[in-house]
Amino acid sequence: MIFTNMNDEVQNKSLAKDIQFCIEYAKRNGNKILSLVHGSYDVGYNDIKMNVGKYFTKQENEKVWESHKKYLDVQIMINGTEKVAISNIRNMEVKSFDSEKDLVILEGEKEFDLVMRTGDVLVFFPNDVHKPELNISETDNSGSIRKIVTKVVFKIEIDKIRMFNKE
């Protein structure tokens with residue numbers, strides 16, 4: 001797992017070329033992304049797909065643990081704040097795998113939570129089990145705290161990833 005921010009130029013220079021592309025694309029196109037409807041888009045580079053998510057955050061019991069075998073997830077918070085529960089596949093039991101969606105559903109215990117704020121970037125590898133889209137706080141005096149966020153998830157095929165510039 002990698003955690004950074006779109007504006008952390010020093011750290012981001014050390015990342016694989018395809019991950020750098022995703023971060024730069026989100027930085028340059030933030031306003032355009034905010035205007036897009038929920039869905040999947042081709043970004044015109046190395047078969048990378050961008051999934052735009054506009055949703056209300058949820059309670060932990062409303063989400064499932066997930067991982068992916070074929071694709072890296074480059075998740076970038078465009079607008080909003082959410083909690084992401086994180087674990088490692090070695091602590092989990094695989095319940096199902098949908099090869100068409102590249103979605104592994106798992107059960108197990110979390111290791112920690114991470115808060116994503118506008119501009120934050122999370123990169124998940126196949127062993128990084130995650131439960132995204134969570135409320136920061138479960139409840140307040142008025143009940144459940146649900147916030148709407150806009151986040152993009154770039155899907156980079158692991159077998160096609162371009163690691164570094166050849167300069």
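Let me start at D159, in the segment after β14. Is D159 buried or exposed? D159 is exposed, because its relative accessibility is 74% and the cut-off for exposed is over 50%. D159 and G108 are 51 residues apart in sequence. In space, their C-alpha atoms are 28 Å apart. Keep in mind that this is a predicted model.

Now the whole chain. How many helices and strands does the chain have? There are three helices and 14 strands. Next, the radius of gyration, which is 16 Å. The globule rule gives 15 Å for 167 residues. Those values are close, so the chain is as compact as a globular protein of that length. Along the principal axes, the C-alpha atoms fill a box of roughly 55 × 35 × 30 Å.

What about the inside and the surface? Of the 167 residues, 46% are buried. The chain exposes about 9000 Å².

Contacts next. Take the contacts between residues at least 6 apart in sequence. Of these, 76% join residues at least 24 apart.

Then charges. The chain has 25 positive and 27 negative charges. How far apart are their mean positions? The answer is 4 Å.

On to the aromatic rings. A pair of aromatic rings is described by two things: the distance of the centres and the angle of the planes. How many aromatic pairs does a search of the whole structure find? It finds three. One of them is F21 with Y25. Their centres are 5.8 Å apart, with 40° between the planes. That pair is tilted. Both residues lie in helix α2, which covers residues 17-28. F21 and Y25 are four residues apart, about one turn of the helix. Both are buried.

Stay with Y25, and bring in F154. The ring centres of Y25 and F154 are 6.0 Å apart. Their planes stand at 85°, so this pair is edge-to-face. Which parts of the chain does the pair link? Distant ones: Y25 is in helix α2, and F154 is in strand β14, residues 148-157.

Y25 has a relative accessibility of 11%, so Y25 counts as buried. F154 has a relative accessible area of 0%, so F154 is buried too. Now step back from the pairs. F21, Y25, Y45 and F154 form one aromatic cluster.

Last topic: backbone angles. Find D102, in the loop between β7 (92-98) and β8 (103-108). D102 is not a glycine, yet its phi is positive, about 50°. Is D102 buried or exposed? D102 is buried, because its relative accessible area is 4%.

Now find E133. E133 sits in strand β11, residues 128-134. Phi of E133 is positive, near 70°, and this residue is other than glycine. Why does E133 count as buried? Its relative accessibility is 18%, and buried means under 20%.

Let me finish with a recap. The model is predicted. The chain holds three helices and 14 strands. One aromatic cluster takes in F21, Y25, Y45 and F154. D102 has a positive phi, and E133 has a positive phi. And D159, where we started, is exposed.

How values were computed:
Residues are numbered from 1 along each chain as its sequence is written. This is a predicted model: local features need pLDDT of at least 70, side-chain atom pairs count only at pLDDT 80 or more; totals for chains, interfaces and linings use all residues. Side-chain values use heavy atoms; hydrogens and water are left out. Helices (H or I, at least four residues) and strands (E, at least two) are DSSP runs, numbered from the N terminus. The radius of gyration is taken over C-alpha atoms; the globule rule is 2.2 Å times the number of residues to the power 0.38. Buried means under 20% relative accessible area, exposed over 50%, partly exposed in between (1.4 Å probe, protein chains only). Contact means heavy atoms within 4.5 Å. Accessible areas come from the Shrake-Rupley method with a 1.4 Å probe; for residues, only the protein chains shown count as cover. Lys and Arg count as positive and Asp and Glu as negative; His and the chain ends are not counted. The place of a charge is taken as NZ of Lys, CZ of Arg, CG of Asp or CD of Glu. Rings of Phe, Tyr and Trp (its six-membered ring) pair if their centres lie within 6.5 Å; planes under 30 degrees apart count as stacked, over 60 as edge-to-face and the rest as tilted.
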